[in-house]
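This briefing sets out selected features of the structure shown below.

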Amino acid sequence: MAHRKLRLGAFIMATGHHIAAWRHPGSQVDSGVNIDHYIAVAQLAERGKFDQVFVADSPGVWEQGSKESFSRQGRISHFEPVTLWSALSVVTKHIGFVATASTTYEDPYLLARKFASLDHISKGRAAWNVVTTGNDSVYGNFGLDKHPDPEVRYEKAHEFLDVVTGLWDSFEDDAFSRDPESGVYFDPDKLHALNHHGKYHKVAGPLNLERSPQGHPVIVQAGSSEPGRELAAATAEAIFTAWTSLEEAQAFYRDVKGRLAKYGRRPEQLLILPGISPVIGRTQEEAEAKWAELQKLIHPSVGLATIERFWPGEDLTQWDLDAPPPYYPTPEAGRNSRHHVVIELARREQFTVRQLYEYLAGARGHWVVVGTPQKIADEMQRWFENGAADGFNVMPPVLPESLEDFVDLVIPELQRRGLFRTEYEGTTLRENLGLDKPQNRYAVKAAKAA
């Protein structure tokens with residue numbers, strides 16, 4: 001049996017994950033709309049033998065806050081991810097591409113076609129990050145006065161996923177003979193209409209695109225709420241999550257892996273990839289100086305905007321920045337799991353208001369590790385070998401500078417320890433992640449009937 005290896009994704013947030021990264025000399029200020037920047041970053045991640053690159057996305061602007069803080073945000077303008085990944089797939093050979101798309105605000109037929117096309121264009125390197133969308137700037141773009149309730153969004157997501165994967169199976173793998181001699185192009189008996197009639201969707205099918213190299217693009221899910229965990233256990237092949245302590249991460253790992261059996265799935269069929277935002281220096285002092293330099297770039301209005309959603313309705317400008325928050329709210333029902341993580345972090349660490357927003361400014365509640373390549377590798381190894389992670393979603397604070405540090409300094413350390421690959425194992429994202437190619441549902445049904 002092959003030795004278990006870390007799975008690594010590079011989570012690309014335009015100028016970097018730190019809220020003030022765009023002001024840092026190591027960033028590219030217009031990166032959200034700079035294709036040359038993204039080409040360089042994707043090729044850098046591929047040089048580091050990363051499994052995949054990922055961009056978060058929403059069909060609306062990110063949180064706005066006050067006019068003062070809004071004017072200082074560096075993430076207001078950015079590409080649509082499937083379009084971006086299609087372009088980057090032709091300048092890379094091995095790395096996978098994870099694009100975010102919403103089950104609440106997209107159409108299942110169009111989404112299925114779009115992601116199948118990306119999988120063909122990239123020769124088997126596409127993945128879909130399934131989200132239900134909770135950003136308040138979105139629903140008005142689709143003629144709605146509010147989001148559907150969380151339970152409705154998740155119920156719809158299960159059906160949406162079933163429709164999309166069914167459409168991806170429209171053609172069996174061997175449907176196309178393309179034989180000029182006989183004049184037969186394909187076998188119509190291996191084309192299947194979905195004819196889905198559900199609670200939320202009515203979709204005839206079939207998809208007008210043959211089955212893609214991976215069968216299905218890899219299904220990724222991001223979120224750690226109760227319905228999110230259940231959706232991941234039922235459908236996902238990788239889950240992005242956020243924890244700041246080994247114990248929390250272990251509990252989540254056990255919980256989600258423990259849900260798989262009831263869906264007829266094995267633990268290795270779902271990869272759990274917590275976020276880690278590494279601030280790397282050749283010495284601990286250098287790393288801490290880099291972190292301090294970034295923190296100085298945070299304008300207080302931007303800092304307060306980072307945490308105001310965790311205290312809804314509160315005027316945070318009246319608070320003493322150098323004292324702890326006056327109280328810790330109980331997140332309302334239906335709020336995403338990040339609220340629980342952040343409130344617990346603030347309470348546990350007894351952060352002042354400034355310390356809390358400085359921590360969240362780095363990676364929005366994900367795990368920030370400041371230190372040497374050896375320290376970063378030690379922490380990743382500890383989580384990997386102690387039932388907390390199958391790998392990590394690496395979140396560079398500043399791009400491209402922080403990703404260069406990780407590729408040049410941390411990757412060799414992980415390789416020396418035998419924890420990470422030195423060469424890609426396959427040509428598709430599934431092969432590199434160690435995930436099976438899904439069987440075509442219609443071919444399986446026909447084989448059982450035979």
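A residue is called buried when its relative accessible area is under 20%, exposed when it is over 50%, and partly exposed in between, with a 1.4 Å probe and protein chains only. At 65% relative accessibility, K123 therefore counts as exposed. The model is predicted: local features need pLDDT of at least 70, side-chain atom pairs count only at pLDDT 80 or more, and totals for chains, interfaces and linings use all residues. Residues are numbered from 1 along each chain as its sequence is written, and side-chain values use heavy atoms, with hydrogens and water left out. Helices (H or I, at least four residues) and strands (E, at least two) are DSSP runs, numbered from the N terminus.

**Backbone geometry**

- K123 is not a glycine, yet it has a positive phi of about 60°. This residue is placed in the loop between α4 (108–121) and β4.
- N195, also not a glycine, has a positive phi of about 50°. N195 is located in the loop between β6 (184–186) and β7 (196–197).
- The peptide bond from G205 to P206 is cis, its omega being near 0°. P206 belongs to the loop between β8 (202–203) and β9 (218–222).
- A cis peptide bond also runs from L399 to P400, with omega near 5°. P400 is in the loop between β13 and α13 (401–416).

**Aromatic pairs**

- Rings of Phe, Tyr and Trp (its six-membered ring) pair if their centres lie within 6.5 Å; planes under 30 degrees apart count as stacked, over 60 as edge-to-face and the rest as tilted. By this rule the structure has 20 aromatic pairs.
- The pair of W128 and F160 is tilted, because the ring centres are 5.9 Å apart and the planes stand at 50°. W128 lies in strand β4 (residues 126–131) and F160 in helix α5 (residues 150–168), so this pair ties together parts that are 32 residues apart in sequence.
- W128 is buried, its relative accessible area being 0%. F160 is likewise buried, at 0% relative accessibility.
- W367 and F392 form a tilted pair, at 6.2 Å centre to centre with 35° between the planes. Distant parts of the chain are linked here, as W367 is in strand β12 (residues 367–371) and F392 in strand β13 (residues 391–394), 25 residues apart.
- W367 has a relative accessible area of 7% and is therefore buried. F392 counts as buried at 0% relative accessibility.
- F115, W128, F160 and W168 are joined into a cluster by ring pairs.

**Helix packing: α1 with α3**

- Axes are lines fitted to C-alpha atoms, for helices over the stretch in contact, and angles run from 0 to 180 degrees between N-to-C directions. Helix α1 (residues 35–47) packs on helix α3 (residues 81–89) at an angle of about 60°, and their axes are 10 Å apart.
- That angle makes α1 oblique to α3; angles under 35 degrees count as roughly parallel, over 145 as roughly antiparallel, 65 to 115 as roughly perpendicular and the rest as oblique.
- Contact means heavy atoms within 4.5 Å. I35, Y38, I39 and A42 of α1 meet L84, A87 and L88 of α3.
- By class, this contact of α1 with α3 has seven nonpolar, no polar and no charged residues. Ala, Val, Leu, Ile, Met, Phe, Trp, Tyr, Cys and Pro count as nonpolar, Asp, Glu, Lys and Arg as charged, and the others, Gly among them, as polar.

**Helix packing: α9 with α11**

- Helix α9 (residues 300–307) and helix α11 (residues 353–363) pack at about 80°, with 9 Å between their axes. The two helices α9 and α11 are therefore roughly perpendicular.
- P300, G303, L304, T306 and I307 of α9 make the contact with V353, L356, Y357, L360 and A361 of α11. The residues of this contact of α9 with α11 comprise eight nonpolar, two polar and no charged.

**Helix packing: α12 with α13**

- The axes of helix α12 (residues 373–385) and α13 cross at roughly 55° and come within 9 Å. Helices α12 and α13 are therefore oblique to each other.
- On the α12 side the contact is made by P373, Q374, I376, A377 and M380, and on the α13 side by F406, L409, V410, E413 and L414. The residues of the contact of α12 with α13 divide into eight nonpolar, one polar and one charged.
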